[in-house]
Every structure is written in structure tokens, then in C-alpha cells.
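Here are my notes for your first read-through. Please keep the structure open beside them and check each point as you go.

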Amino acid sequence: MSRPRRDPRAERAARLVPSKGRPRLALGLAGGSVRPRRDPRAERIALEVEGAARRRFDLAATGQGPVAAVATPRPDVPAAGAAPELRLIPNPAFLVFAVADASDGHLTVQDRQVLGAARGLADAGGGAVVLLSPSLPEEAGAAGADRSARLAVADDADVRADALVAAITTLGPRHVLWPESRAGGDLARRVAVRLGEDLFCGAEQVSASIVSRPAKGGRVEQRRAPPRLVTLADGAAAPHRRTRHEARVLDLPASAPPTDGSAILSVEDIPADPSTVALAEADFVVSAGHGVTDFAGFGALARALGATPGASRMVCDAGLMPRAAQVGASGTVLAARCYFALGIAGAPQHLQGVAACEYVVAVNTDLHAAMVERAGLAIVADAQEVMPALIAALAEEGA
């Protein structure tokens, strides 16, 4: 046999280096491995980000974190920090009306969904979306509107319906979409009666070729080609989040005054008591968690804000709030415009209950709480100190 016989003890002795305590071996000598010895501590220190309050590490170089150079950009999503593309449609083939509630100058969640559905109908044939609302929201272009027009603002619903009928008759849109809301649904039905056209109510699916809705208790799905007048159920379409549109302001034609007068003698908007409104229908909810101990002060804050009171499951289990006030997947799933969480850490079930809320405000002593991360505005402080300060500020503002 030509291969020399190895002596493992001699090889090990040749790699020994002087040390105290346990024996140390020098790698890469006497037939040993040529791979350099790693120093995990030095590697970890090299990845540490300087200037952070907590220890943070840049994992991009190790392959454990995202690497910007490898990411493939999507053509329909603008790059971070870049201005969104502005899309202009000077000569549209047709128009699609999106009638929004937007009574306070801001588009609601359902308004944005209606604009998203209108955007899909218009893009299928080279059309333009016209947003009709009592005001001209600043976010109309980002929401997908090519044109924007102010609808008549009046307490009389007949006046608003006549103004919209005049706009439809003059401009001749291919489709007119409303949200299936209290104001939008009422206006859509008045316009359909005046035009003598069919109204497809509560559509849950809208595309250029088909609209559909459940019927007969959900056992049957009604489908047909998109008619001219459609109301959309909540969640029927996704909001538009891609390109920005110009939202050029249009002047609507004036409607002729009714000759026989309106059948409505007087109109008065009576707001509901927030304390008696069901959580599923509330527009503004303030909720108490484990961090709240002064429930008399919490109730005073809810009344001062004009909000519907809610609570986390822990508070309801303790009997401090009624079970009907529980917010979360095991309680009530909210569709409120604003949710104000006081002393709530943010369990997964609770976050599921506020996922559809447009704005979330959180007060918590833990900067890294899940509810603080979910919130658009957070106050890192004790809820017991924030509540009286807010009540005093509201009282001073109202004085």
C-alpha cells in the first residue's frame, strides 16, 4: 500500500498553540482545515446600527434581511420616496360618475371603494371618472378621479336629486355609481325614479362585463351586464392606489327649479346618542383596556369626545364594561372611521376587530406595543394621565 499511514496524535500536537486552561488548536496547519475560524461576536458588532436607542442590526449583508439591490420593482407600484405618476385623460371615450357622500370634505372608506370600482369600469374602455360630491376633497386625484365637480349642497334631497339628474342628462355618463349608504342609497333611488331607469342595488362584484349580488337570503347570485345606475355594498371593490389622476374641476349645469315645489316640507338632521349606538354602526369609538382603572373618567372622556364607548376582552371579562362593548374578533368587528384605544396592548384578536378602521389613535406606556404599531398616531404615556388632560383641553376649547 503506497498511501502513508496517518498519525492523528502527531497532527493534533503539531496544531497546538500555547494557551492557559483548555488546549487550543491552530486551524490550517498540519493537514487541518484551511477555513478561517469565525468570530460570531465580532460579526454581530459589525452589523450593529449606530445611533439607535435600542440595539438594532442591519441584516441585509447576511442574507437574513431585505436587500434593496435584489428587489424587482413592480411597474404598477411607485418606488419608495418617488412621486406617483400623474395620469391625464384629456379626451375620454366616455364618463363614469362616482357619487360620494364626503359631507365633511373627506372621502369615506366606501367613497374610495366606489372610486376604485369606477376606475375599473373607466380603464376598461378609455373612459374618465368624474367624482361628484358636496365638496371637493383634496385626495380626489389620489383616489382615482379624473374630473371633480361639486354637487348641490342642500338639506332638501329633491334638490340634490334634480341637480344630479341635470348632470346625467347633460354629460351622458355610461355608468353612475353610489355607495349603498344612508345618503348615497337614498339619492340613488330618487335619481332612478326621475330617470325611469333600473337601479342595481347592493352590488358586491363590479367589472366591465358583469355585476352581481346575492339574492333570496344568499342562496342565489344575481348576475347581469353592468347597467347605468349601480349602488355598491361595503367592501365590493378595492380603493384605487396606483397612479394619481388630475381631478380637474368641472362646472355642472344648473338644474331647473321644480315648478310644483318639493314634497318635503322640512328637513332636520337629528344625531344619534353615541352611547346608544351599536359598535358595528359607530363612526367614532373610544375603547378602554387593562391600562384604564378610572372608568368614571373614561365615561366622561367618551361623552366629551362624542364617541361610542368600547372595551377590550380583558375589561369585559372582569365585568367592568358590558359584553356588548367588547371590540375584537370574539366581540364586535368595527367599521368606524376613527378608533381611540386607551391602555390596550393589542392582542391579535383585538387587532382583527379594528382592521377596517380608517384612523387609529393609541395611548400606551409601551412604545413597542402592537396597538402602537398599528396606530397612525400614538401617545406614549399613562392613560390615567392622558384622559383628564384631554377632558380639560376639550372643555377649554368649548369655552
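How much space lies in the second largest pocket? Point 1 takes this up.

1. The model is predicted. In it, the second largest pocket holds about 240 Å³ of space. Its lining has 17 residues. Closest to the centre are Ser312, Arg313, Met314, Ala347 and His350.

2. Look next at where the lining comes from. Two or more residues each are given by helix 7 (313–317) and helix 8 (348–353). By class, the lining of this pocket has 10 polar residues, 6 nonpolar and 1 charged.

3. Now turn to a pair of helices. Helix 6 covers residues 295–305, and helix 10 covers residues 383–398. They pack at an angle of about 35°, and their axes lie 10 Å apart. The crossing of helix 6 with helix 10 is left-handed.

4. Which residues meet there? Helix 6 brings Gly297, Phe298, Ala300, Leu301, Ala304 and Leu305. Helix 10 brings Met387, Leu390, Ile391 and Leu394. The contact counts 9 nonpolar residues, 1 polar and no charged ones.

5. The chain averages a pLDDT of 85, and 86% of the residues score at least 70. Residues 65–78 are a stretch to treat separately: their pLDDT is below 50. Beyond near neighbours in sequence, that stretch has 6 contacts in the model.

Conventions: Residues are numbered from 1 along each chain as its sequence is written. This is a predicted model: local features need pLDDT of at least 70, side-chain atom pairs count only at pLDDT 80 or more; totals for chains, interfaces and linings use all residues. Side-chain values use heavy atoms; hydrogens and water are left out. Axes are lines fitted to C-alpha atoms, for helices over the stretch in contact, and angles run from 0 to 180 degrees between N-to-C directions. Helices (H or I, at least four residues) and strands (E, at least two) are DSSP runs, numbered from the N terminus. A crossing is left-handed if the near helix is turned anticlockwise from the far one by less than a right angle, and right-handed if clockwise. Contact means heavy atoms within 4.5 Å. Ala, Val, Leu, Ile, Met, Phe, Trp, Tyr, Cys and Pro count as nonpolar, Asp, Glu, Lys and Arg as charged, and the others, Gly among them, as polar. On a 1 Å grid over the protein atoms alone, a cavity is a set of points where a 1.4 Å probe fits but cannot get out, and a pocket is an open set with protein on both sides within 12 Å along at least five of seven lines; lining residues have an atom within 4 Å of a point. Grid points are joined across faces, edges and corners, and a volume is the space filled by probe spheres set on the points. pLDDT is the predictor's confidence in each residue, from 0 to 100.
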